[in-house]
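The points are grouped by topic.

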Amino acid sequence: MNKIINYELSRRFSAEIHDYVPGGAHTYSKGDDQFPLNAPGAIVRGKGARVWDLDDNEFIDCSMGLTSVCIGHGYEPVAQAVCDAAFQGTNFQRPAAIELEAAKLFLETVESGDMVKFAKNGSTVVTAAVKLARAFTGRNRVAVAKEHNFFSFDDWFISTTPCDLGIPTHVRSMTATFSYNNYSSVEALLADNDHDIACLIMEPVKFDPPVDNFLHKVAALCKDRGVVFVMDEMVSGFKWDIRGAHNFYGVKADLATWGKGIANGFSACALTGRADIMELGGIRREGDDKLFLISTTHGAETIGLAAMVATIQAFKQHDMIASNWGRGEALKLRLEQVVAKHGLGKSLQLLGYPCLFILACRNAAGEADDAFRTLMLQEMIARGVLFQGMFYPTWSHQQAEIDHLVMAFDESCAIYRKAIDAGTTNQLLMGRPVKPVFRKKI
Ligand SMILES: Cc1ncc(COP(=O)(O)O)c(C=O)c1O
């Protein structure tokens, strides 16, 4: 089944792009250092759950553009809505009429918050949540879950990672961390009456479920301590539930942030929240101090909003959440059977939920291991699966795609087994292992 053999144009692209674009990509997690050597250098086009690279190699896509492509590449109803909007003009000197329609539809769909502000990037809306919380509470610091790896590329968050170069040192002290599912770590942060925490931000869920009523207890504690409770739904929104994972678990957020899969890969993100907090960014309270919330030239550009409206309509029309869960459940079960067949239960674990799950790769000693992980990515890619460790089942992952994924995984597991038996990837891995995105040294 090893079908990807021609990489010539990919190699040329990768050799050239670093001369023009720092990092060779516009998202670090798409970078060369995140993939094995046989990964396609660049993608030319996509259709459904399939993509084609520069050398016209075809791949089944597993991560779907950092999980932003929630229905499928080039999905016609969304693409058509975007084309229609583009021909009507994309940016005007007064609000576009679609801004009201999109706001009403989004709020009625996600059932979270009374008001919404749109933007082009997730980082923008999460940082806006921080600003609102600071203005609302009069406090300065932010608390984030340390197990959740990304909230914003802005300084207040990146200063908490090893990549703190270029950030003034005093910024670091503005952000505190707690542990997801560790209620006492949250209590400890808020114990002091002078705690100075304006808001607490986490994803409702990552790959391990909330335990012991964690989300509800933290929401109640935040309310009691006057802290703004922010649920970051960038990844979980439109996956666990169209209303986000906080609604899936029945917990209320003061503010919530949305992006990635709400517009089938188009650039549309949202901040939703309680009217009394959101209205701080308004201009109706004459005489009050003005808070400069989100104000960007392209924030409400019509094609992003048109894509979002069409995406919501498609999700509702086809009940895509239920079908994604069903497809994911079947896929996860079959992959688990493959792992068991190869006796790899100690080395390969599928973590997460049917709507989004990852493969944790360990070495023969049972430790997380970048070389072993890279070997699995390499073998899947060699078999026409663009795999980065994550499975995001969408409407476009139909039976043929699922069967191909399982077959590629089966063959890749046979190679992985050899590496486990040998105790090393040395004879099997072509080149260097992948590296963590957040690291001190290049
Ligand atoms: C949980 C979470 N929040 C926020 C962001 C930032 O979104 P964006 O990349 O659109 O700025 C991301 C991006 O990966 C994310 O995963």
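Which residues surround the ligand? They are Asn 121, Gly 122, Ser 123, Val 126, Phe 150, Phe 151, Ser 152, Glu 203, Asp 232, Met 234, Val 235 and Gly 259. The model is predicted: local features need pLDDT of at least 70, side-chain atom pairs count only at pLDDT 80 or more, and totals for chains, interfaces and linings use all residues. Residues are numbered from 1 along each chain as its sequence is written.

**Ligand shell**
- Helix 5 (residues 122-137) provides the largest share of the shell, 3 residues; helices (H or I, at least four residues) and strands (E, at least two) are DSSP runs, numbered from the N terminus.
- By residue class, the shell holds 5 nonpolar, 5 polar and 2 charged residues.
- Ala, Val, Leu, Ile, Met, Phe, Trp, Tyr, Cys and Pro count as nonpolar, Asp, Glu, Lys and Arg as charged, and the others, Gly among them, as polar.

**Domains**
- The domain assignment, which is automatic or from a database, gives domain 1 (8-74 + 319-422) and domain 2 (91-300).
- The centres of domain 1 and domain 2, taken over C-alpha atoms, are 29 Å apart.
- Domain 1 puts 15 residues into the contact and domain 2 puts in 11 residues; two residues are in contact if their C-beta atoms, placed from the backbone, lie within 7 Å.
- On the side of domain 1 that touches domain 2, helix 2 (64-67), strand 11 (348-353) and strand 12 (356-361) each give two or more residues.
- That side of domain 1 is made up of 11 nonpolar, 4 polar and no charged residues.

- An open sheet of 4 strands runs in the order 1-2-3-13, with mixed pairing; two strands pair if DSSP finds at least two bridges between them.
- Strand 1 (43-47) and strand 13 (385-386) are at the edges with a single partner strand each, so one side of each has no neighbour in the sheet.
- Strand 3 (residues 58-61) pairs with strand 13 in the parallel sense over 2 bridges, and Ile 60 stands opposite Val 385 in strand 13.
- Strand 4 (residues 115-119) pairs with strand 10 (residues 269-273) in the antiparallel sense over 5 bridges, with Val 116 opposite Thr 272 in strand 10.
- In strand 4, 4 of the 5 residues are buried, meaning that 20 or more other C-beta atoms lie within 10 Å of a residue's own; a residue is exposed if 12 or fewer do and partly exposed in between, with C-beta atoms placed from the backbone.

- Helix 12 (residues 302-318) has 17 residues and spans 24 Å from first C-alpha to last, close to the expected 24 Å; the expected span is 1.5 Å times one less than the number of residues.
- Helix 15 (residues 399-422) has 24 residues and reaches 35 Å, close to the 34 Å expected.
- Buried residues in helix 15 include Leu 405, Phe 409, Cys 413, Tyr 416 and Ile 420; among the elements covering the buried residues are strand 3, helix 13 (320-341) and helix 14 (370-382).
- Helix 15 is followed by Gly 423, whose phi is positive, near 75 degrees.

**Asn 149**
- Asn 149 lies in the loop between strand 5 (141-145) and helix 6 (155-158), and counts as partly exposed because it has 13 C-beta neighbours inside 10 Å.

How values were computed
Near = placed C-beta within 6 Å.
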